[in-house]
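User: I have a model open and a few questions about it. Can we go through them one by one?
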Amino acid sequence: MGCDQDIQALALAVIQTEMQAVAGLAARIDEQFVSACRLLLACKGRVVVTGMGKSGHIAGKIAATLASTGTPAFFVHPGEASHGDLGMITRQDVVLALSNSGETEEILTILPIIKRLGVPLIALTGNPESALARFSSVHINVAVEQEACPLGLAPTASTTAALVMGDALAVSLLETKGFTRDDFALSHPGGSLGKRLLLQVADIMHSGGEVPVVADTVLVSDALLEMTGKKLGMTAVIDGERRVVGIFTDGDLRRMLEKNLDVHATRIAEVMTGPCKVIDVDMLAAEAMQIMESKKINALLVVDNQLKLLGALNMHDLLRAGIV
């Protein structure tokens, strides 16, 4: 068994080999790469990504990355394709095939059908002279000088290179199409980014009887009863037409007590924070979080275009909703 230093040296050698493999891809971003992007941009159907073995795993990840960045795509196993799954491929599609050798039997078997359908084929191989490379509409060379495996057998650097080239294709398409953060969120509604980009204040705010609210003519003692009952750590203060004129928070109460003011003799209008920061009901929850953080406040009142009270939102609501 090797010593700790030997193990570390082996791991560093792997990383160095794979770094060199990725660095070598820069020279392959050429006319062929651009042609591949043009084919994918012109695709009116789906990008069908295929590969066998380790290349198949990489192909599945590339398909997922394309799909989540605005290029509809899915993975087809080349072995299953020969037994019915070729029916998934239509004349509107583009096929993206991965094979380091370019001679993978399962892929070569389905090439005549792809040709018969007239479907464009983009090949990522490590052998420009291979059957797959010669058959393809566009070939992208992802050859590496050596695998990170010392035996030169296990796909390591070669699969990394293919993965990085797939990412280069996906991101180039994303940028060219003008794909936005909002577009990304639509395909990731369950993730944290989706929540940040899609969730609106209206979705999580307190409304109706849940909102603590008092008139600007009441005493502080009355406001404290309202705050305690609704448990939001604040209360909205409104005028006779239900327009928000201020907010009274726990912080306002502490400052008032420091001045030895009597809660039973002081009117709320004298100690509230007003005018206060308010937000629209259609605002993104992420924007509300940003306002709270920048203003160093824990609550916001939600109003309409006439400043009439619609709801209330506090930091705990945003945290529960995953807006972090």
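User: Leaving aside its neighbours within four places in sequence, which residues is S221 in contact with?

Analyst: This is a predicted model. In it, S221 is in contact with V263 and H264, once neighbours within four places in sequence are left aside.

User: Where is S221 placed?

Analyst: S221 is in helix α11, which runs over residues 220-230.

User: And is S221 buried or exposed?

Analyst: Buried: the relative accessible area of S221 is 14%, and the cut-off for buried is under 20%.

User: Which residues of α11 are buried?

Analyst: V220, S221, A223 and M227 are the buried residues of α11. They lie on the same side of the helix, because the arc they cover around the axis is only 155°.

User: What about the other side of α11, which residues are exposed there?

Analyst: L225 and G229 are exposed on that other side.

User: What happens to phi just after α11?

Analyst: K231 takes a positive phi there, about 60°.

User: Which other residues have a positive phi without being glycine?

Analyst: R242 is one of them, with phi of about 65°. K296 is another, with phi near 55°. Most residues other than glycine have a negative phi.

User: Where are R242 and K296 found?

Analyst: Both are in loops: R242 between β8 and β9, K296 between α14 (285-295) and β11 (299-303).

User: How accessible are R242 and K296?

Analyst: R242 is partly exposed, at 39% relative accessible area. K296 counts as exposed, with 75% relative accessibility.

User: Changing topic. Which peptide bond is cis?

Analyst: The bond from G274 to P275 is cis, and its omega is near -5°. P275 belongs to the loop between α13 and β10 (278-280).

User: What does the UniProt annotation "domain: CBS" cover?

Analyst: According to the unreviewed UniProt entry, that annotation covers residues 205-263 and 272-324. Over residues 205-263 the chain is 34% helix and 27% strand, with the end C-alpha atoms 29 Å apart.

User: Last topic, rings. How many aromatic pairs are there?

Analyst: The count comes to zero aromatic pairs.

User: Which ring has the charged end of K115 over it?

Analyst: The ring of F135: the charged end of K115 sits over it, 5.6 Å from the ring centre.

How values were computed
Residues are numbered from 1 along each chain as its sequence is written. This is a predicted model: local features need pLDDT of at least 70, side-chain atom pairs count only at pLDDT 80 or more; totals for chains, interfaces and linings use all residues. Side-chain values use heavy atoms; hydrogens and water are left out. Helices (H or I, at least four residues) and strands (E, at least two) are DSSP runs, numbered from the N terminus. Buried means under 20% relative accessible area, exposed over 50%, partly exposed in between (1.4 Å probe, protein chains only). Contact means heavy atoms within 4.5 Å. Rings of Phe, Tyr and Trp (its six-membered ring) pair if their centres lie within 6.5 Å; planes under 30 degrees apart count as stacked, over 60 as edge-to-face and the rest as tilted. A charge sits over a ring if NZ of Lys or CZ of Arg is within 6 Å of the ring centre and within 35 degrees of the ring normal. The arc is that of the directions from the helix axis to the C-beta atoms. UniProt positions are given in the numbering used here, feature names are shortened, and annotations may be inferred rather than shown by experiment.
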